[in-house]
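Me: I would like to go through this structure with you in questions and answers, beginning with the overall fold and moving on to single residues.

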Amino acid sequence: MQLIVHGGAGPAPDEPASRQQVLGDAADAGADAETPITAVETAVSVLETDPRFNAGVGGAVQSDGVVRTDASVMTDDGTAGAACAMPGVEHAVSVASAVATETPHVLLAGEHAVAFAEETGVETGRDLWTEHSRERWDEADPPATDDYEERLAWVRERFGGHDTVGAVATDGDRLAAATSTGGRWFALAGRVGDVPQLGAGVYADERGGASATGEGEAIARFGLAKEAVRALDRFGPRQAAQQALEAFEDETGGLAGVIVLDHAGHTGTAENTEAMQTATRS
């Protein structure tokens, strides 16, 4: 199994060495999987458990004080699944994988996605808060009122952040990509970004696969993951990632990163943020 894993594009992390170790552990876990879709699910699950990353435990908090998770998976034959706006679900990627492999659907959302997670054996009701996220929430001084205009003004002032995690894997025959996130900080309750949107946060086809990370609204408008895979028609993965990111930046002015993998196991990465840590295994 050959794969690449990323821990999100954003500012330089406080503990890069420890984060890099976890990324390496995630890549090792994925490399031992039997199929590409299991590989990306396994790798991303490791990152969802670690509070250093904005996915699962330690995810961003929305305006109502709830952490909601989103994820998506896609394979090179068009099999795809996503789940979003799920409170209390640590392993969103496993829900997305179940949607892809067990249902005729592409996307499930909200309380029904949580119920589906429980039915398929994914643990629900998890406490996704950490000490750090609690401190950040308290320091943001959320409005004590339910007044819509006041809360919306608070969101406009505070909304931000752009970390996500993801992986792409191939066994030389099949290929799969996955992306998972806790979203962006202080978004309106129920906000969903690029991650569960095929072609935006994740994409895979016969050319290869990609996982994107960054400012979700800009990534969704541009379709970054699909553009990176399309670029494989003209370039290898390294240049495809760079070309797609440059086009993204020119069109949107947004901040993002993307990883790309082709069926030969060649990898490419690009970001226009301070940092985007990755790990590879082959």
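Me: How many helices and strands are there in the chain?
Reply: This is a predicted model, in which local features need pLDDT of at least 70 and side-chain atom pairs count only at pLDDT 80 or more, while totals for chains, interfaces and linings use all residues. Residues are numbered from 1 along each chain as its sequence is written, and side-chain values use heavy atoms, with hydrogens and water left out. Helices (H or I, at least four residues) and strands (E, at least two) are DSSP runs, numbered from the N terminus. Counted in this way, the chain has 9 helices and 11 strands.

Me: What percentage of the residues in the chain is buried?
Reply: Relative accessible area decides this, with buried meaning under 20%, exposed over 50% and partly exposed in between (1.4 Å probe, protein chains only). Of the 282 residues in the chain, the buried ones make up 58%.

Me: Among contacts in the chain between residues at least 6 apart in sequence, what percentage joins residues at least 24 apart?
Reply: Contact here means heavy atoms within 4.5 Å. Of the contacts between residues at least 6 apart in sequence, those that join residues at least 24 apart amount to 68%.

Me: Is E90 buried or exposed?
Reply: E90 lies in the loop between β3 (80-87) and α3 (92-102). Not counting residues up to four places away in sequence, E90 touches E48, T49, G56, V57, R126 and L128. Because its relative accessible area is 6%, E90 is buried.

Me: Which residue has a side chain joined to that of E90 by a polar contact of 3.0 Å?
Reply: A polar contact is a pair of N or O atoms within 3.5 Å; within protein, one must be able to donate a hydrogen and the other to accept it, and residues adjacent in sequence count only if both atoms are side-chain atoms. At 3.0 Å, the side chain that makes such a contact with E90 is that of T49.

Me: What relative accessibility does V89 have?
Reply: V89 is also found in the loop between β3 and α3. Leaving aside neighbours within four places in sequence, V89 is in contact with T69, V95, V114, V122, E123, T124 and L128. V89 counts as buried, for its relative accessibility is 0%.

Me: What is the phi of F186?
Reply: Most residues other than glycine have a negative phi. F186, in the loop between β6 (175-181) and β7 (202-205), is buried at 5% relative accessibility. Its phi is positive although F186 is a residue other than glycine, with a value near 60°.

Me: How many Å separate the C-alpha atoms of E157 and F186?
Reply: E157 lies in helix α6 (residues 148-158) and is exposed, with a relative accessible area of 62%. E157 and F186 are 29 residues apart along the chain, and the separation of their C-alpha atoms is 9.1 Å.
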